[in-house]
Amino acid sequence: WQDGLGTWQADGQTYNSTTAASTALTTIFEYPLLRSDGTFDIIDHFDRSPFTLRARLRNQGSGAGSLVGLVYSYFDPANYNEVVFSPTGIAYLRRVIDGQLQTLAAATYPGAGQGVWFRVEVERTFETTSVRVNGVPVYTEAAQPPSFPGACCTHGQIGLSTYKTTGRFNKISISTPYGQQP
C-alpha cells in the first residue's frame, strides 16, 4: 500500500485509516500483469476492463459526513473516482478532477451504521459503474465516462478512502474476466 493522504496502518487482517483526517487516501502501487508466456510483469497501475473490486468496510464514524470508500482510476490525490458510504445509509458515486469534487449520484444502501462491517462490490466497465452492498444493488450501470483528459476510464490505481472518520478495511480483491465469458 502507498499512502497518498492521511495515516494508514495494517493491523492483523485489516488495513485501517487511523486518524479522522479531512481526506485520507491509500492505493495499491504494484499490479501483476500476466504475459502470454505465463510470466508476470509488475506495473504501477491497473488497466483492465471490465473489472470487479470487492472489499469489506467498517465506518467508525457516526455522522453523515463520516465517509469510507473504495477508490478506482486513481492518478493522484487530485484525480480519481470513488464510491463512499456514510454510516447513515447514503452511498455517493463521486469523482475528483483537478482537485474539484463532483458527486455523480447518491442512493441509500442496506446495512449502514457506526462500526458495522458491510461488503461492497464495484463492477466497472469502460463507461459504467455498478455497486452492490451486501449483495443488494445500489447503482446499476451508472454512467461514468472517462474522468481525465486522455485517460481510459479504467486506467489508474485502486485504493481506499476515508473522510472525517477512521475506517477499517479487509478482504480487498480485484478480479477481471479471463477468457470467454458467458
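**View 1. Valine 68 and its bridge partner in β15.** In this predicted model, where local features need pLDDT of at least 70, side-chain atom pairs count only at pLDDT 80 or more and totals for chains, interfaces and linings use all residues, valine 68 has threonine 162 as its bridge partner in β15. Residues are numbered from 1 along each chain as its sequence is written, and side-chain values use heavy atoms, with hydrogens and water left out. Strands here are DSSP E runs of at least two residues, numbered from the N terminus. β8 and β15 run antiparallel, joined by six bridges; two strands pair if DSSP finds at least two bridges between them.

**View 2. β4 against β15.** Strand β4 (residues 24-27) also runs antiparallel to β15, with four bridges. Threonine 27 sits opposite glycine 159.

**View 3. β15, covered on both faces.** Gln157, Gly159, Ser161 and Tyr163 on one side, and Ile158, Leu160 and Thr162 on the other, are all buried (under 20% relative accessible area, 1.4 Å probe, protein chains only). With seven of its seven residues buried, β15 is therefore largely enclosed by the rest of the structure.

Terms used. Buried < 20%, exposed > 50% of the residue type's maximum accessible area, 1.4 Å probe, protein only.
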